[in-house]
Amino acid sequence: MRRNNQKLKLLYLARIMQEQTDETHALSMPEIIAELARHDIDAQRKSVYDDLAALDDFGIEIQSKRVGPKTYYYCANRDFEIAELKFLVDTVQSSKFISEKKTRELIQKLEKSISSYDAKLINREVKVMGRVKNMNESIYYTIDAIHTAMSENKAIEFRYFSWNVKGEEEFRRDGAFYTVSPWALHFDDERYYLIAYDHDKKEIRHYRVDKMRNVSVLEKKRMGKTEANKHDKTKLNAQCFRMYGGDVHTVTLKCKDEMANVIIDQFGRDVRLRPAGEGYFTVRVDVAVSDQFLGWVVALGGKVKVSGPEWVKEEMQKLVANTFVE
């Protein structure tokens, strides 16, 4: 009597070959038939040969190799190379906006794209505990709502919080809802930021997505398209430090030659480095002047200094004067 799962034979065969075989782990025909039997599927050699050929035609590359008198079969192609998969796993692990729970779930899904043998190798390298991880599971629904709003040209509303000294969420604007028109999501410093037009402030602002709560898509059409188009989103990372915004100004920096790599990494290869005496160069950069930008300059330990304009130099002096050690 034929078993109930006969119609699923090809699907189970594909799973067996993808999960249990690779270039260094292959299955003989009797082993394949035995694996199918574990899923209540009767199979004959001739039909399995035909099915393996069908999988190969479909794009799941099935190779065979002779070892002594026996022939073994394995899946030779994958969506990801091991090196690529390790890169993706590292990216998921290091992302602060992904919670520990979601990190494990995503890594498990990635592991399904390779054989179980390679998955074990990657799993041994996975270290999730002890990382600084966002505990807000709702961020995934927030991102989905933002994408929905942008695709449907609609505004959104949400509440926005900061952490207080007790480590508690404290909503800004006394818990009132923000109404904004979302225009882009930007990933910076391992966090997602929403670039949106604030309906109350009448300007483009940036919001940490993981600090948004109670997000909903409104029936209102988006506003602020003209203002949003003025923002060159490809330059946001260079101009805004940790996505703290502000008006963009041209600032001149005097730097030691050894800082060329740092400057180009931050502001891009288009900046012009001009010689400024032995061991130094100057560079003019367009940047949102904020405490975060000035703090970045301070953190470079005197190897980068603000040369102008004067008002930026004054802001730097104020920042240093107000910095103290207790």
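Select residues 9-20, helix α1, together with residues 45-58, helix α3: the axes of these two helices come within 10 Å and cross at roughly 70°. The model is a predicted one. Angles of 65 to 115 degrees count as roughly perpendicular, and α1 and α3 are therefore roughly perpendicular to each other.

Next, show the side chains where the two helices meet. On α1, pick K9, L10, L13, A14 and M17. On α3, the partners in the contact are S47, V48, D51, L52 and L55. Coloured by residue class, the contact of α1 with α3 divides into seven nonpolar residues, one polar and two charged.

Now move to the sheet. Three strands form an open sheet in the order β1-β3-β2, and the pairing is antiparallel. Select 27-28 for β1 and 62-67 for β2: these strands stand at the edges, each with a single partner strand, so one side of each has no neighbour in the sheet.

The last stop is K313. Select residues 310-321, helix α12, where K313 is placed. Leaving aside residues up to four places away in sequence, K313 touches V306, S307 and G308. Finally, draw a distance from the C-alpha atom of K313 to that of V251; the two residues are 62 residues apart along the chain, and these atoms are separated by 9.6 Å.

Conventions. Residues are numbered from 1 along each chain as its sequence is written. This is a predicted model: local features need pLDDT of at least 70, side-chain atom pairs count only at pLDDT 80 or more; totals for chains, interfaces and linings use all residues. Side-chain values use heavy atoms; hydrogens and water are left out. Helices (H or I, at least four residues) and strands (E, at least two) are DSSP runs, numbered from the N terminus. Contact means heavy atoms within 4.5 Å. Axes are lines fitted to C-alpha atoms, for helices over the stretch in contact, and angles run from 0 to 180 degrees between N-to-C directions. Angles under 35 degrees count as roughly parallel, over 145 as roughly antiparallel, 65 to 115 as roughly perpendicular and the rest as oblique. Ala, Val, Leu, Ile, Met, Phe, Trp, Tyr, Cys and Pro count as nonpolar, Asp, Glu, Lys and Arg as charged, and the others, Gly among them, as polar. Two strands pair if DSSP finds at least two bridges between them.
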